[in-house]
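This report goes through one structure, moving from domains to a sheet, then to an interface and a helix pair. Please keep the sequence and the 3D view at hand while reading.

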Amino acid sequence: MPERKKRMITTTINGEEITFLCEPRQTLLEVLRDELGLTGSKEGCGNGNCGACNVLLDGVLVNACLVLAPEVEGRELVTIEGIAPGGELTLLQQKFLEHAALQCGICTPGFIVAAKALLDENPSPTEHDVRLWLAGNLCRCTGYDKIVRAVLDTAAALQAAQTTPTEVA
Amino acid sequence: MRAVDYVPVRSVEEAVAVLAEHGDRAAPLAGGTDLIAQLKEGHRSIDLIVDVKPIPELMELSYDPAAGLWIGGAVPCHRISRSQVVRRHYPALLDSTTLIGGIQIQGRASLGGNVCNASPAADSVPNLIAHSATCHVAGPQGTRTIPLEAFFVGPGQTVLRPGEFLVGFRLPVPPAHFGAAYLRFIPRNEMDIAVVGAGASVVLSPDGQTVQAARIALGAVAPTPLYVPEAGQALVGQPVTEESIARAAQIARDAARPITDMRGTVAQRKHLAGVLTARALRIAIDRARGTKTVDSLGRLNGHA
Amino acid sequence: MMGANPKLDPIRGEGSGNGSRPQPSYKVIGTRPIRPDGVDKVTGRALYGADVRFPDLLHGKVLRSPHARARIRSIDTSQAEALPGVKAVVTGADLPTAEDRFEDLGEGGINLRYLSENVLAHGRVLYHGHPVAAVAAVSPHIAEEALSLIQVDYEVLPPVMTLEEAMAEDAPILLEELRTDEMGERGNRPTNVAAHFRYELGNVEEGFAQADLVVEREFRTQTVHQGYIEPQMATALYDQDGQITIWTSTQGSFSVRSQVAEILQIPVSRIRVVPMEIGGGFGGKITVYLEPVAVLLSRKAGYRPVKLVMSRAEVLMATGPTSGSRIRMKMGATRDGRIVAAEAELVYEAGAFPGSPVGSGAVVLLAPYNIPNVRIDGYDVVVNRPRASAYRAPGGTNAAFASESVVDELARKLGLDPLEFRLKNGAKEGDRMANGLPHPKIGYLETVEAIRNSEHYNAPLEGRGRGRGRGVASGYWGNWGGKSSATAVLNADGTVTLNEASTDIGGTRASIAMQFAESLGIPYEKVKIRVVDTDCVSYNDVTGGSRTTFGTGLAAYELGQKMKAAMIQRLADIWGVSPEEVVYEEMVFSAGENRVTFDEAAKLIERRSTPVMVEAEVYGKKYGPAFSTQCVDVEVDVETGKVTILRYTIAQDAGKAIHPAYVEGQMQGGVAQGVGWALNEEYVYDREGHLLNASLLDYRMPTALDLPMIETLIVEVPNPGHPYGVRGVGEVNIVPPAAALANAIYDAIGVRMTELPMNPARLLEAILAKQAQESTQPA
């Protein structure tokens, strides 16, 4: 019979060392939302088909609903709450607002984290690159047009400005 | 999810010991994109999750000019897609690693997990078979190697015995003038389980005109991934022409024995088995030659 | 993105194809400011229903029927109640008997007794996933474990899953008490046909006799879901003093309050509904599912807050999708291209309880056309599927798939361009629809012209007819006005707080604030707009039916006018002049030598006069219908049946686009949903009535890789019933895509698809059949 005792996990979330208690059967998404109050990551499907729960785990884009909480021991996480360090909106977030790239907004955190991961790796994506990368993030409101434009516009603006690392999305 | 325990293990020996002790009440965890989903949905019931990611061999991705490529069972797809050695020596593997489940799934999902989950539609398997991959397994009785095409017994079932687990894959060094490709058919453009998958590899003569060797494997058309040696055999010694491609495709199509389920029908799958085999062969041939064939509407190898 | 841009500027018209005329110039309306809730939404700070947290929160889970149809012999919850960590268990027995009467929810209505039965089953289960019991526990995992301890004894019955099965002579009867509403008369035989109605104009037999060409086809569509990314949830606290608070993501907080009051037989005054941010609705978040259960559990668990969140599987299994349907469409036209007669039979799945949108489907069917002889029969049929809920222009997509495909076929056979054919027969103000009602001022022809003049329609398509094709289709939606209530408070710093109750699904905070700002003559940035709960304003209809920008915008307009008048009255008082002497222009109030800016006036009033707060309650009856015409280019891979969308353009009459970016967003979003409905989405059931694809893996909605950019052409034929000419924009856009795609596929490969979805399996089958047929014909 499996132990039901909770275990202590220490991890870094958005630059801060955090310790929490969890059962092994709790996913990272559940712990973020229900234990740590980081409700920016959303649950849309629970099985890796919608991207609403996207976080960066050691810099890699993953679905938090398919990571078990104990797996993040000693790891580094970035959630939507940590995308704007110091609270200043990144260019990517500003472009989403300017382009009206959100309607209900439930998918937006996932898209922003995913788009940040794309631009970190590929600062000059084509429209196809953007659509392929974002294929794992479902949006039901926008038809993706304005989201893709916002990401491409961000990439273009970053390239044009040749900004310093701290301003990168 | 039912209550479950979790233990990370740090060596192959430790993993074998724990898995042997718990039998089918324990399962190894790599990327978790299949296992965790199955546990949440109640499709699988275990008491202990054994996290094998801390084991060095499981996460190793390395190339040796004599032995070939080693892919640890837990190496996530995204690492394989970005690996310089893979891109240089085994570029066709990216046909699978860049399309399994979307970029987020690729951040975690491993080829070991894809293989051991043993779905007949697994996107890595026809590709790995085309590359003549062998599985390296460790268990209470020691280690053994198994050609990938012989690894599967039925839907969700492999030849792994109690206490055994997959340590990784070895892919031989491709000969000169080798080219491979994997194609799948899905109703959308990403995120779907393959309706049919086709992996093909060829070795051409130095002038690129004759086939010296070929391997063709299909996914989602049988209870297990299907290696079709007779389709590859039919190409050996043949000139590279549409006729020989069509003949191989027909053999592959005839070998396919799919079912009708909510993802596809028998007729559709058999038809697609032929179409995808031909298309995968054309791409493999192009890659072996270093050419790019584009049709009148600007599409690469007629692949819409 | 701001400023003049010919590609983005709307196409203005007067209605009924009379060309354009200069429009009033607005300061705020027509610009693209940042939405007020935007920063919270791009940082993850915005709180949606599932983000609610309380220190003593309990988690609820629902036990659902594994059978499509069964009688419940008994339910034993004792083992579940005994599990440590479980605080309450409820079943249908905990619900009072609801009244046997029909309640209009705002986008369709339902019999309250059926609504209650859909919340928790009473003695019978009618679809796979029908709620049977619910548990509240200290963790969601324990609640889940408790479900498996509830023993339900079912007598499983053979399910009725299709329209044909339901209407057969010997069909099992799903609801023993159901009698057909036969054109207003109550039938006397047990039946699965809940209603039959008929619309009739002129004489169809004579009409068809005049026709030179008649086309008749039968079409089928499958059950599809709204697909909002946020699953339903509800949190409720039943306080010791009898006050109930519900936090939920809903399209209508007042509708939730009414439904919960009726189901639980509790006065509305004891219920406060707090609308959280909502992650998509499209009509599907109006009917309550979890709210009454949360309230019951909260009380039984010792007055603790209880949160229930659906999984995706539950959303698909047990919230309302929209109807699958069978439509027979027959149209006749003269050689010179006039449609003289149309006859149709629409049969729609209601799901487990009556109430499919077959009625609105019947109106949408022929609304774009002026046809003198029409007969439409509509049938509402119950089957063992979840009860249909509103989905963006409910019933319309099904209908237009049929009618716009037949219109296309008629045009082709007559050798006429499909847009010219539509212009020739297009409806104008005063023309009668099938239900007898005349069109008010409309902009249908303008949308057709917009496509006809578009870059897309005039661009050559290489490979056309050889795997590539182009199709067009039109659509109509009547829209709605409804009731809105709002208040506005003048702040001393010259800003205004606007309190309104229309939950913001798509950016309506911005368009409502913009209309208020325009009305009062102040900048948008000075308006602070909040969506408030049901204790704060009077009744407010749902955010749905494409009513919000129109109806709540109307309230905002009135608030602006009232605040202006109130400020003038206060200043007149302070200055000792009559209100008529006070002039307000360009944000300055003046009367003789007295002169203050708006900001100064606000400060002055606060110091020396009565505070200013104004309210508006509106019942918007002069809403304007909307039309859309769309054009799509496709490529069909004839070896696999896969359809790729190469280019898509949508023209839509918005009346007046308050915030063009959000109007464009509605247009693009509706197109995307229409594309999914047309090409891949469907519910798949096995023979026992189990839903096989209750997951986003196999319920296939379009991803970013499945769509191109969607070009938008905003047409503006102002609605005379609104001070700024607003027409609802949310829904009409989903009506044409299925037909546009079917027409494009026909253009590409000469195959006429009459069943949705037009997925690769079906297309491949049709392609291979056509190839086989051609190969047996003489050369």
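What distance separates the centres of domain 1 of chain A and domain 2 of chain A, taken over C-alpha atoms? The model is a predicted one, and in it the two centres are 21 Å apart. Domain 1 of chain A covers residues 7–82, and domain 2 of chain A covers residues 85–162. Where the domains touch, domain 1 of chain A supplies 14 residues and domain 2 of chain A supplies 12 residues. On the domain 1 side, strand β3(A) gives the largest share, three residues. That side is made up of seven nonpolar, six polar and one charged residues.

**The sheet in chain A**

Strand β3(A) also belongs to an open sheet of five strands, ordered β2-β1-β5-β3-β4, in which the pairing is mixed. The edges are formed by β2 (16–22) and β4 of chain A, each of which pairs on one side only. On average, and with direction ignored, neighbouring strands are turned by 40 degrees against each other.

Within this sheet, β3 (residues 54–57) and β5 (residues 76–78) of chain A run antiparallel and are joined by two bridges. Leu57(A) stands opposite Leu77(A), a residue of β5(A). Helix α3 (residues 108–121) of chain A lies across β3 and β4 of chain A, at about 40 degrees to β3(A).

**Chain A against chain B**

The contact between these chains involves 24 residues of chain A and 24 residues of chain B. On the chain A side, strand β4 (residues 60–63) contributes the largest share, four residues. By class, the chain A side holds 11 nonpolar, eight polar and five charged residues.

| α10(C) with α11(C) | six residues | five residues | no residues |

**A helix pair in chain C**

Two packed helices are described by the angle between their axes and the distance between the axes. For helix α10 (residues 358–366) and helix α11 (residues 396–413) of chain C, the axes come within 8 Å and cross at roughly 35 degrees. The crossing of α10(C) and α11(C) is right-handed.

Which residues of α10(C) and α11(C) meet? From α10(C) they include Ser360(C), Gly361(C), Ala362(C) and Val364(C), and from α11(C) they include Gly396(C), Asn398(C) and Ser403(C). Also among them are Leu365(C) and Leu366(C) in α10(C), and Ala399(C) and Ala400(C) in α11(C).

How values were computed:
Residues are numbered from 1 along each chain as its sequence is written. Chains are lettered from A and ligands numbered from 1 in the order in which they are written. This is a predicted model: local features need pLDDT of at least 70, side-chain atom pairs count only at pLDDT 80 or more; totals for chains, interfaces and linings use all residues. Two residues are in contact if their C-beta atoms, placed from the backbone, lie within 7 Å. Ala, Val, Leu, Ile, Met, Phe, Trp, Tyr, Cys and Pro count as nonpolar, Asp, Glu, Lys and Arg as charged, and the others, Gly among them, as polar. Axes are lines fitted to C-alpha atoms, for helices over the stretch in contact, and angles run from 0 to 180 degrees between N-to-C directions. A crossing is left-handed if the near helix is turned anticlockwise from the far one by less than a right angle, and right-handed if clockwise. Two strands pair if DSSP finds at least two bridges between them. Domain bounds come from an automatic or database domain assignment.
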